[in-house]
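Visitor: Hello! I have never looked at this structure before; could you walk me through a few parts of it?

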Amino acid sequence: MKLTQKLLCLTLVIIIFLSGKNLFSQSGKWQQVRFAYLADLHISDVASNVEDLEISVADINTLKGVDFVVFAGDITEFGSDEEIEIAKSIISRLNVPYYVLSGNHDSKWSESGCNTFAKVFGYEYFSFEKGGVHFIGTNSGPNMRMAPALVPREAMVWLDSVTRSLPREKPVVFINHYPLDDAMLNYADVIDMLKRVNIQASLCGHGHSNRELNFSGIRGVMGRSNLRAGKVAAGNAGYNIVTISYSPSSSSSASVSSTASVSASATANSVTVAYVDASSNSTTNTSSKTDSGSDFGFGKISFAVRSNGVTHEPWLTMPLLKHSENPVMHAPVGVVWEYQDDSDIGSAAAFAFGTVYISNTAGVIKALDAADGSLKWSFATGGKVFSSPEVCEKSGVLVVGSTDNFIYGLDARSGKLLWKVEAAKSVLGSPTVFGNLVYIGASDGVFRAIDIKSGKVAWSYNGIKGFIEAKPWADAEGVYIGDWANRVYAFEPKSGKLLWEWTNRKGRGLSAAAVWPVKANGKLFVVTPERRSHAIDAKTGKELWSARGGREAIGLSEDGSAVYIKTMQDTVIAFSTKDYNVAANAKASNNSAGNTAATAAANTAAYTTNSTFGSPAEYNSAVNTTGNTPIKLWESHTGYGYEIAPSPMTTANGLIFVPTDKGNIFALNATDGTVAWQYRFSIALINYIRPITYQLPDKHTKTNKDSHLQKSTAQPGNRLLLVTSMDGKVALLSY
């Protein structure tokens, strides 16, 4: 009886196993595309370079399951006819299809004017599909003339056509020798085209090392050089094995057979690849196919170094993105209207009375109808304007500074001049209105408080040591501003009495002068170009903590609980504005750390050797001796790249809006800093992103079809962004 029960149980297990196995093979079988990814071969008269390529080609021929090989540029050292022929003779030994792109070394010193490369390999850019994934590759100069890289115009026209023709759900991998950053002049145009499709990654060479990159939201991967002197697995020739694997959805059709052979038809300088199914002898041009493996359940892309006959563990693995989840394709942004000014704009736009107010470098203040961007009125000053206008809705007065040395008060509804105050030098600072006063700094060493209605100077402080370009923070407790002499000042709002000065004791170029300071929980927050963030006691001017990170851009959460710091490379950091870590040897009370008497005495002694400060007390207040550190709430690697724009970050509806110097807007989730979406607004620095509340007339918003942005589904009344950029572009966006 027991034996019979055991046999029944065993039989049941076998049936379940076989059924599950059969079910998986029918509906859950993983598809896989695997290829070798080589870059920077630099074939020349250096024998080891030639030998390294021979080693890698021979090694690839021993591998099973490699579908094709991609060569990402710098095939040769000088692009000579002989070097190209040598490279071709070795590469052609491969037993699988291969696709070759040129790099700067192939094109700059080419004795044939770049003709031999195209003639020998038969094309300069390619497009093909394998296993439901589409691959696109373009060459990049400079062609003959030394200059930054450039995807040639004919390749750009071709790329434009290819990206417009592909289905949006089709996973795409792009290959180019150069990274898609400012090392290549038309990188932004390439990125815009790639964002039309479900771009998974952009592969490149040029840097001779394995690196994970981010190109305005597009995931980037730099591959190592094939040379034995490469930075990865130094001493051995090597390359990367890239594996794309995914589980097809139940609706997707079968992928191209792994036993298919390949044929290619070249047109002009491009090649379109078709796979030939060996079992049916039928040819399908997969570049025009719309449903082959275009949908999938989930998947991943992995990169592993292959060197000295060993495939190492993947050094990078990333998920395969469905088109519905790809953030570069789905910024929920609609364009309500756009206005292109005839001058540059170096200031933020203001909003009041259903009107948008801008200032430009021609010295003109303009009022635009918020409904459609049409011009209502304009007012010309006598100099360039970099000051961001501000409107007091209570009095109806617009205030702005100009490089003609005047501070202007205009009727916000009509543009009529109401008053003006003369300074001794240019007025670059932006005004801040609080109560009945407007506060503004200039380049003449004077900080002024002006009655908003009459235009009379209520008080002025003449001890500013450097010029002012930023916008002050003002509240009932103080007015705070930095200058280009390494000082931050605090004034009593009504009397103008100097409450304190703070300095980081660095050179002029490291001043907290471009940052718009923010305040919360009794602390003033600034960042400096020395790449540090500082929290200052708003009452005393004593530094409470400082931390690595930042430059000139800062932001504050909607509830004031977090301060946001934009670093120079990809990262935004959120620090708590309330609590911080008090050093073990520091005394603290109510979360406000102070210097001990012994420390103060030491600082007084130190003052005698530092003539920068006016007194021992000033030196004492400037030095952070606490050793305190901020509490980090989160850190987000956003992918905006190298970034130096001083433009402040703003917040609304649970999002943080990050302006960049390359015209991109990044929206981060305030809870954890993850990227919610990104939007390419312009080619130039974004001055400011102002969230506004305004009930638009009943009409549809336009969408940017070229970027395939989705029509905004948000209610336009409270989800609008007013944006200006340095190239004179103004727009009202819905999100």
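**A first tour**

Guide: Gladly! In this predicted model, the largest nonpolar core holds 51 residues, and the members touching the most others are Phe71, Ile91 and Phe135.

Visitor: Which residues does Ile91 touch, not counting those up to four places away in sequence?

Guide: Nonpolar side chains tend to be buried together in soluble globular proteins. Ile91 belongs to the largest nonpolar core. With residues up to four places away in sequence set aside, Ile91 touches Leu41, Leu53, Val57, Phe71, Ile75, Tyr98, Val100 and Phe121.

Visitor: How many residues does the second, separate core have?

Guide: Trp158, Leu166, Phe174 and Met222 are among the members of that separate core. Its residue count is 28.

Visitor: Why does Asp67 have no salt bridge, and which side chain of opposite charge is nearest?

Guide: Asp67 sits in the loop between α2 (47-62) and β2 (68-72), and it is buried.

Visitor: Which strands stand at the edges of the open sheet of four strands?

Guide: The strand order is β18-β19-β20-β21, with antiparallel pairing. Each edge strand has a single partner, so one side of each is left without a neighbour in the sheet. Those edge strands are β18 (350-352) and β21 (375-380).

Visitor: Which residue in β19 stands opposite Ala350?

Guide: β18 pairs with β19 (residues 355-359) in the antiparallel sense, over three bridges. Opposite Ala350 stands Tyr357.

Terms used: Residues are numbered from 1 along each chain as its sequence is written. This is a predicted model: local features need pLDDT of at least 70, side-chain atom pairs count only at pLDDT 80 or more; totals for chains, interfaces and linings use all residues. Side-chain values use heavy atoms; hydrogens and water are left out. Two strands pair if DSSP finds at least two bridges between them. Helices (H or I, at least four residues) and strands (E, at least two) are DSSP runs, numbered from the N terminus. Buried means under 20% relative accessible area, exposed over 50%, partly exposed in between (1.4 Å probe, protein chains only). Lys and Arg count as positive and Asp and Glu as negative; His and the chain ends are not counted. A salt bridge is a side-chain nitrogen of Lys or Arg within 4 Å of a carboxyl oxygen of Asp or Glu. A nonpolar core is a set of buried Ala, Val, Leu, Ile, Met, Phe, Trp, Tyr and Cys residues joined through side-chain atoms within 4.5 Å. Contact means heavy atoms within 4.5 Å.
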